[in-house]
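Me: I would like a close look at one part of this protein. Please keep it brisk and connected.
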Amino acid sequence: MYDELKKYTNDIQSFHMPGHKNGKLQLMHDLYALDVTEVPGTDDLHHPSGMIKEVQDRIGRIYQSYQSYLLINGSTSGILATLATVARRKGSVLVSRNCHKAVYNGILINRLEAHYVYPNYDEKYGFYGEVEAQAIEVMLKKHPDIHTVVLTSPTYEGIVSDIQKISQIVHAHGAILLVDEAHGAHLTFSHLLPQSAIELGADYVIQSTHKTLPCLTQTALLHMSPSVKVDQDVLEENLAIFQSSSPSYILMASIEKGIDFMETHRKEFEQWIIALRDLLEKHPIQGGQWLNDDGTFYQQRLSHDITRLTFLIDDGCISGYDISEKLRKEHHMQVELAGERHIVAIISMADSIKDIQRLIDGIRECLAKERKKEGVVKEAKKYLLPTNQPEQSMSMHMAKQQMTWDTILYTEALGRTAKDMIIPYPPGIPLILPGEKITQEIVNNLESLDKHGQEIYGIIKGEIRVLR
C-alpha cells in the first residue's frame, strides 16, 4: 500500500481532497514523534480542560460559534452525534434528498421518521442545486411535528442555499436547523465567498476541514449556536460515543495548524480568489463553461463558491467521465468527481494559479481533440437524478431488519423494494434508500454509472438485494 501511495502522489497532480494536495502545503513534520496518547499534559478530547479546550475555544471565536468541537472521525461522526442528540425530541425530521449517506445512517440507527425535500435540479447538467426556502416552509406546514431540518450547503458542486432565510423559517416553526457544510470549512476566511451557515442562523454546522483546508484526511469540525446550548451535555456524550476513544493527536494538531494557516493568510487567500476569478474569466473553454454566480445554472442569480471548480459540458462529443479519464491518463491530473455533463475539481491555497491554468489547458485540449475527431457538435446526453421521492413500502429501519431477501441483477429489479442504500461514490448521495421501490429512472441511472465504471455502494457484480 505504501509503495502504491508514493507512486500515485509522485505521478498525479491532485485536484481532489484533501486540501493540502499531496503534502504541497505541509504544515507539520515528524508525525511519528507527535503520535502520543492521553497522558498528563496532553489533555483529553472527550474531557478537554487544557490545550484541546484552548484550541476549540479559539476555533469557536474564528467561526463565530457558541462552541466548536474537533472531530477526528470525519464529518460523519459529527452528523451521527448531532442526529443522536436531536433524536430525543418527539416528532420527525426533514431531510434534503441530496444529503450524504451519513445523514441517512443517522436516521437509520436512531429510528427517526423522515420526510424529504428535493433541491432544485437542472436536467441539462445533471446535478442538484440549492434547496429553496419556500419548499422548506411547505413541508414544515404539511408536517408540523418536524423538529429538525437537515440540509447540505454548499453542495459538492459548490452551490449554496439561502441559509439565512431558511433558518428564519425553521425557527419560526420551532424547529432546529442542522447544516452539513462539509465542503465549506474555508468560507469564513474571505468576504468574497458565501457566508458560513454558522454565521447565518444554523443551530448545528458540521465541516470537513480536510476537504478545503490544509488538514489531514478524517479531520472535521462541529459548531453549535447558543440556541441549542441546552443540549450541549447530551451532544458531548454522543461525540464520545461516535468518536474513537483513542483520538489521534496528529489529526487534532492538523486541524489547529490548518485553521491557524488560513487565519494568518486571509489577505493572501483573498488575493488568490481574485486571481482565480480573473483566470477563469480570461480563459474560456469552447464547448463548456464554468459554473458561476451570474445565472449560468438557473434563471435567477445563484450563490456559488467560486473556489469549487465545476465545469459544465455543452458539447456532446465527450462526457465528464471521458474528460476525467483523459486528464488522468494524458495529463496526470485527477479531479474529484465526474458526471455525464460535468466535472468537479477541488482546489485550495495549495494549488497555485499556474496549477489551475494547467487544469484549464488540459480540459480545453480534451474537448478540442474530440471536437476535431467528431467533426460535428453533438447534443450532450442527459443524466437524470431522482426529483421525486420513490414509493416507500416501509421505513428504512424496518427494511434493514427484514431477514428474507433476493439477490438479483439491478437491471431486473424494477418495482422491487430495496434492502440497502445504493450510493454512487463520490458524491455519496443515495439514489435509493432501504424500503423504497426501484423505478425505471433508478435503473437507467445505475446503467449509466455502471457503464462509466463509477463506484456504487450496494451493488456487487451487478447485483443488489431486494426484499421478498
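How many helices and strands does the protein have?

Reply: The protein has 15 helices and 19 strands. Helices (H or I, at least four residues) and strands (E, at least two) are DSSP runs, numbered from the N terminus. This is a predicted model, in which local features need pLDDT of at least 70 and side-chain atom pairs count only at pLDDT 80 or more, while totals for chains, interfaces and linings use all residues. Residues are numbered from 1 along each chain as its sequence is written, and side-chain values use heavy atoms, with hydrogens and water left out.

A word on the whole. A compact globule of 468 residues would have a radius of gyration near 23 Å, and the protein agrees with 22 Å. That radius is taken over C-alpha atoms, and the globule rule is 2.2 Å times the number of residues to the power 0.38. The C-alpha trace spans about 70 × 55 × 45 Å along its principal axes. Of the 468 residues, 57% count as buried, meaning under 20% relative accessible area; exposed is over 50% and partly exposed lies in between (1.4 Å probe, protein chains only).

Now the sheet. Two strands pair if DSSP finds at least two bridges between them.

β3 (residues 92-96) and β7 (residues 146-152) run parallel and are joined by four bridges. There V95 stands opposite V150.

A helix covers part of this sheet. Axes are lines fitted to C-alpha atoms, for helices over the stretch in contact, and angles run from 0 to 180 degrees between N-to-C directions.

α4 also packs on α5 (residues 101-109), at about 35° and with the axes 9 Å apart. From α4, the residues T76, I79, L80 and L83 meet A102, V103, N105, G106, I107 and I109 of α5. Contact means heavy atoms within 4.5 Å. The residues of this contact divide into seven nonpolar, three polar and no charged. Here Ala, Val, Leu, Ile, Met, Phe, Trp, Tyr, Cys and Pro count as nonpolar, Asp, Glu, Lys and Arg as charged, and the others, Gly among them, as polar.

Last, the loop between β8 and β9. D203 is found there. D203 is buried, with a relative accessible area of 2%. Beyond its neighbours within four places in sequence, D203 is in contact with H171, A175, I176, L177, H223, M224, S225, S227 and V228. The C-alpha atom of D203 is separated by 32 Å from that of W290, 87 residues apart along the chain.
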